[in-house]
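Hello,

Here is the structure I promised to hand over. Please have a look at it first, and then read on for my notes.

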Amino acid sequence: MTQTIVSDQYRQPSLRVHDRDNVRVALRDLSAGLEIDDNGHRLRLSENVRHKHKFTLHAMQPGDLVVMYGVTVGRVVAPIAEGAAITTANVEHATADAEPQGRRAQWDAPDVSAFTGQTFDGYHRPDGRVGTANHWLVVPLVFCENRNIEVLRQCVEDAIGDDPYRDYKHMARRMLHGDAQAAPAATPDASLFPNIDGVRFLTHTLGCGGTDDDAQALCQLLAGYICHPNVAGATVLSLGCQKAQIEMLKEAVAKRDPEGLRPVHYFEQQATDTEPELIRQALGSIFDGLKVANAVERRPAPLSELTIGVECGGSDGFSGLSANPLVGAVIDRLAALGGSGILSEFPELCGVEHELVARCRNDATASRFRQLMEAYQRHAASVGAHFSMNPSPGNIRDGLITDAMKSAGAAKKGGDSPIVDVLDYTEPQVRKGLNLLCSPGNDVESTTALVGSGANLVMFTTGLGTPTGNPVTPVLKLASNSELAQRMHDVIDFDAGPIIRGEADIAELADELLRLCIDTASGRYRTKAMRLSQLDFIPWKRGVSL
């Protein structure tokens with residue numbers, strides 16, 4: 001449902017999101033006794049209600065269902081007066097068992113005439129895909145090699161003058177020695193590799209000591225990064241005796257790159273005479289790889305080559321009203337232009353499954369979504385967890401009382417276009433259009449998964465603020481409210497707050513945000529996450545996190 005959301009500065013101090021809702025959202029702090037006009041029904045607040053929180057339109061009793069976004073988001077467990085706030089003390093997580101009434105007949109695509117024929121400047125790979133960045137990747141097959149990865153990182157950054165923390169190091173020297181004795185660190189020599197966006201060094205805690213499935217999942221994820229369109233090639237370090245063997249990774253890479261078009265160099269420490277020799281060989285492969293990668297230059301590509309992963313973290317009570325539907329509107333525009341989106345975080349789709357099933361392109365796609373959701377829930381239950389445990393204390397403090405309420409707003413990031421495919425964790429995206437990806441709600445694990453499945457750009461919404469980024473894919477950070485955008489201006493790339501204030505509608509800002517995506521994909525805009533070297537990579541150890 002497209003809408004313009006306004007605050008009392010313009011029309012009203014609160015909002016009912018959907019006609020079927022029995023709660024309203026406070027758009028600012030509201031005082032007890034304030035009269036609210038709910039479509040002709042006058043009610044008086046029985047208590048103070050903080051902004052972003054929800055209050056009832058009528059008195060409710062235990063067993064009554066709470067409806068928001070037109071779907072069930074909770075069940076009342078203690079009496080609630082008319083005009084009182086819903087809290088964790090009076091409402092618990094609950095969802096409806098509604099099934100879709102058949103497949104959705106059609107989709108009203110947005111007007112994208114302003115973007116027809118528009119291109120972005122990307123890196124064209126031999127397999128036909130297009131990257132929004134150009135990186136050389138250095139990865140360990142097992143955590144035992146993390147130290148050697150760090151040695152390589154420091155050596156490479158020192159050699160090419162590309163230390164992402166040079167300003168912080170200069171700050172530390174000034175603090176310790178005073179300005180007079182603190183020389184600034186060397187700045188990178190852009191003339192060395194002008195077409196390279198950087199060497200990226202991944203570390204992780206897996207590769208041995210877990211199950212065979214853990215090792216296979218790690219190799220599939222690493223293969224997704226090695227074969228990513230934003231990656232020119234990779235250097236891989238292996239110890240030798242671990243569960244995640246080189247051959248396993250080679251098989252995973254071959255599935256994604258059957259013609260062997262991506263250069264990948266493997267080094268095994270237990271088969272090398274000394275550690276210095278391992279480092280020397282690995283450094284040689286990195287520098288040789290950079291020379292090859294630097295020969296690739298940006299060239300125009302159609303917007304259909306964009307695959308945007310959508311993520312949320314540090315969500316607040318406004319996320320589902322501003323930033324999330326704004327991102328969804330961009331995904332709809334991209335789908336109409338022949339591009340792709342990936343919506344993940346399965347615990348945050350709980351309660352809106354029937355709506356997503358109705359959007360699936362066929363019965364097989366819908367069935368796979370149900371199967372993966374049910375399998376995830378069973379796996380979570382086996383370790384004593386449940387999707388209802390997903391909201392964080394910060395979510396709850398800012399008005400997201402139940403997982404279903406959080407999910408109903410989080411799903412807005414997927415827009416309204418048809419769902420063309422459902423992917424399990426680490427599976428590559430192959431169909432153009434909106435894809436669903438099974439991943440946890442954990443911000444970094446899910447962002448890591450989105451990129452592993454092929455997202456060459458990520459839009460990340462937040463209401464409370466988060467420093468999450470990714471090593472190989474640009475992450476655009478959107479604030480749900482302007483207070484956050486101003487307070488954490490060094491982290492936030494785009495402010496969706498004007499939607500809450502009624503100064504702009506979603507359609508207007510969606511065009512602006514899509515243009516920012518194009519500039520980012522073309523290298524003309526550098527995201528705040530990349531500027532701050534927020535290069536987060538955490539594989540999902542399945543069944544452990546929501």
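How many bridges pair strand 11 with strand 12, and in which sense, parallel or antiparallel? Strand 11 (residues 135-140) pairs with strand 12 over four bridges, in the parallel sense. Two strands count as paired if DSSP finds at least two bridges between them, and the helices (H or I, at least four residues) and strands (E, at least two) are DSSP runs numbered from the N terminus.

Before going further, a word on the source: this is a predicted model, in which local features need pLDDT of at least 70 and side-chain atom pairs count only at pLDDT 80 or more, while totals for chains, interfaces and linings use all residues. Residues are numbered from 1 along each chain as its sequence is written, and side-chain values use heavy atoms, with hydrogens and water left out.

If you want a place to start looking, V138 has F201 in strand 12 as its bridge partner.

Salt bridges

A salt bridge here is a side-chain nitrogen of Lys or Arg within 4 Å of a carboxyl oxygen of Asp or Glu. By this rule the count comes to 27. One of them joins D316 to K52, with the closest N and O atoms 2.7 Å apart. D316 lies in the loop between strand 16 (307-312) and helix 6 (323-336), and K52 in the loop between strand 4 (41-44) and strand 5 (54-56), so the pair ties together parts that are 264 residues apart in sequence. For accessibility, buried means under 20% relative accessible area, exposed over 50%, and partly exposed in between (1.4 Å probe, protein chains only). D316 is buried at 0%, and K52 is buried at 6%.

Other pairs sit within a helix. E277 and R280 are three residues apart in helix 5 (residues 275-293), about one helical turn, and their closest N and O atoms are 2.8 Å apart. E277 is partly exposed at 25%, whereas R280 is exposed at 52%. E483 and R487 meet at 2.7 Å, N to O, and lie four residues apart in helix 12 (residues 482-487). There is also a network of salt bridges linking E35, D37, R42 and R44.

A surface patch

Y165, Y168, M171 and M175 form a nonpolar patch on the surface, with about 450 Å² of accessible area together. Patches are made of residues with over 30% relative accessible area and no salt bridge, joining like charges within 9 Å and nonpolar side chains (Val, Leu, Ile, Met, Phe, Trp, Tyr) within 5 Å. Areas come from the Shrake-Rupley method with a 1.4 Å probe, and for residues only the protein chains shown count as cover. M175 is found in helix 2 (residues 166-177) and is exposed, at 68%.

Best wishes
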